[in-house]
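The sequence and structure come first.

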Amino acid sequence: MTKMKKTLYIIATAAMLTGSALTGCSDFLDAENKSIGEGNDSDSFFTKDPSALLTSAYISLKNFNNQEDITDQGTDLYMNTRGVDPGAFNQYVSLNAEDKVVKNYYVHCYGTINSANGVLYYTEGNAGAEKMRQEARFLRAYTYYCLAQQFGGVPYITEYINTANRTYPRTELGVLYQNLANDLTDIYNNCQLDATDYTSGRPSKEAVAALLSKIYLAWGWDIDTQLTDAATGTYTKTSTEHFTLAAQWAENAINGIALTQPFAAKWSPSNENNNEFIWGIQYDVTAVEGALEEACNGQSGTYGGYYGTNQKGCNSRNQQSEKAMYLFEKGDARYEGTFMTTFYQGNTPDDAYFAPYNVTEQELDQHSINLKFFPYWVSEQEAENWLAAHKEQLKKGSYPNVVKAAILTAPNVTSYTIGADGSVTRKTSQTLTQFNTQTDNGVCVRKFDDPINKANCFRDIVLLNRSEIYLVAAEANLMADNTPGFWRYLNAVRQRAGVATLNSINDYNPEYTVPATFGDITLLDLLLDERGRECYAEKTRFADLRRTKQLVRYNLAFNNSVSSIASMTGVDGEIKWLRPIPSAELVNNLGINAADQNPGYRTVTTGETEDTQN
């Protein structure tokens, strides 16, 4: 299982020189940086080795691409459990411009951008550095795309911040998208990058096309589509131009490559760097000396319940919501490929949670079982038959006479205790909320499991994913009024998952409960459900719902922390469609002020009394 990859090694000099955001530019503008050696100035150092700044840009990507609070919470698919506070991102009303997660995300995005701009500054006129320059421009464009999905229009800066200038006004979103599209199209047409690259963590020509497809898709939604009613998610469309371009660029990125490998194999720890992972952030434990916890990404422990000794320790955040429990249909290979449903017992983590990665199927049939979770489509009789058939394995586990198995249904969960002799006792059904406040509260996401490093996850963070680009193509074709293209790409994803192809909305009958206020299921809802299944835990959900203007509608229907539109509204009376611009940015960047704050977070002044949102 040794990972064979070229590693972007972390070098101390580059790490120390990572550019900070506008919120802390005074810290960055130090003319004498001691990390480059006594008597050396940054101009001399970076002129000789601009690749150090490129490494800094890659390092900074690691600091903002695993923030599941900002990317997934406040949506329909995830909930915090075991007594964990719902959190500001789920509740909306308490989210404000002082939030540390928001600031961290914003700061590190601009760290990446400034390092990328530094590469361009120190390689200006260097014909031999064109490939490096294209890498830097790609990283800059990707980071601006991320900022736009969370904050809308932001300051678009292409100069290297190495002066005392602190005046950078916000750029209108349409202009921002145009700039990104122009830059990436130029890279694609004059490409010095490799055609494909699944091993080094560096962008490829294929990755450029994939990013362009996502930018044009967002452009079409944000600029060419106007919301008419937030509660119903209705909108009008003024143009299909950018959706058509999104579909074309998605097709370029897909490049005729079919989704042939099984879903579970795609995410197998022994199959990293496969051709479905167009681009991502590389991690390799061999590049780290010393503390693993500081160097790992921790993504394997962020989607599921907390478990004890010899289990994978998730943080009880982003467990399946009720809708997520019913999102997958019987026979969908993505359910077992996404979730760990059987928890084994052993003397070490290798022999417990991680046993499926370390022993054969025949050995697993004799292995002690701690916990078993059944999906909603399993009947009580089927579950009890399974428990009886696995009596010997169950009684060896370390959780006798407590809940050891459950059928994950709603509104009530059917749970079972197992005696020391393996006897099964059905507990009185608990509400989902009651069940989720217990220590053992359901499945964990297994997509990012790292059986080598256990809790210190060094799996790569996948940022551009081929099957997601199939769904970008489906969505873009839908919005470009090309329904045959929509069905072609959507069904290609479903076919790999082993579920029936669809030909009309009448073929789709989701199992989750749809409130009457939600309205009819549409093709867009089908697309979003498919994204939910295919991209579960891949940190796309908030952007998906915001982009498609369904954020309010979906939260009202499926987020227990949102009871009304007022629950998503600030004291300025505006809905919080975006994350707040950090307050430190409003203070330190002279090009913007309080009036530039995003709706929902703006200051309200009445007479001499000034209020801000809680």
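The model is predicted: local features need pLDDT of at least 70, side-chain atom pairs count only at pLDDT 80 or more, and totals for chains, interfaces and linings use all residues. Residues are numbered from 1 along each chain as its sequence is written, and side-chain values use heavy atoms, with hydrogens and water left out.

**Cavities**

A cavity is a set of points, on a 1 Å grid over the protein atoms alone, where a 1.4 Å probe fits but cannot get out; lining residues have an atom within 4 Å of a point. Volume is the space filled by probe spheres set on the points, which are joined across faces, edges and corners. Eight cavities of 30 Å³ or more are present.

| Cavity | Volume | Lining residues by class |
|---|---|---|
| Largest | About 450 Å³ | 14 nonpolar, seven polar, seven charged |

The largest cavity has 28 lining residues, with Tyr 142, Lys 214, Glu 538, Lys 539 and Thr 540 nearest its centre. Helices H8 (130-151), H10 (205-224) and H24 (541-547) and strand E14 (461-465) each give two or more residues to this lining; helices (H or I, at least four residues) and strands (E, at least two) are DSSP runs numbered from the N terminus. In the second largest cavity, strand E4 gives the most to the lining, with five residues.

**Nonpolar cores**

A nonpolar core joins buried Ala, Val, Leu, Ile, Met, Phe, Trp, Tyr and Cys residues through side-chain atoms within 4.5 Å, where buried means under 20% relative accessible area (1.4 Å probe, protein chains only). The largest core has 154 residues, and Phe 138 and Tyr 144 touch the most other members. H10 gives the most to this core, with twelve residues. Another core, apart from it, has 13 residues, including Leu 364 and Phe 374.

**Strand E10**

Six of the seven residues of E10 (residues 412-418) are buried, so this strand is largely enclosed by the rest of the structure. Strands pair if DSSP finds at least two bridges between them. E10 pairs antiparallel with E9 (residues 403-407) over four bridges, and Ala 406 has Ser 415 as its bridge partner. Three bridges join E10 to E11 (residues 424-426), also antiparallel. In the hairpin of E10 and E11, Gly 422 takes a positive phi near 90°.

Technical notes:
1 Å grid on protein atoms, 1.4 Å probe; cavity = no way out; pocket = protein on both sides within 12 Å on 5 of 7 lines; lining within 4 Å. Nonpolar A, V, L, I, M, F, W, Y, C, P; charged D, E, K, R; others polar. Buried < 20%, exposed > 50% of the residue type's maximum accessible area, 1.4 Å probe, protein only.
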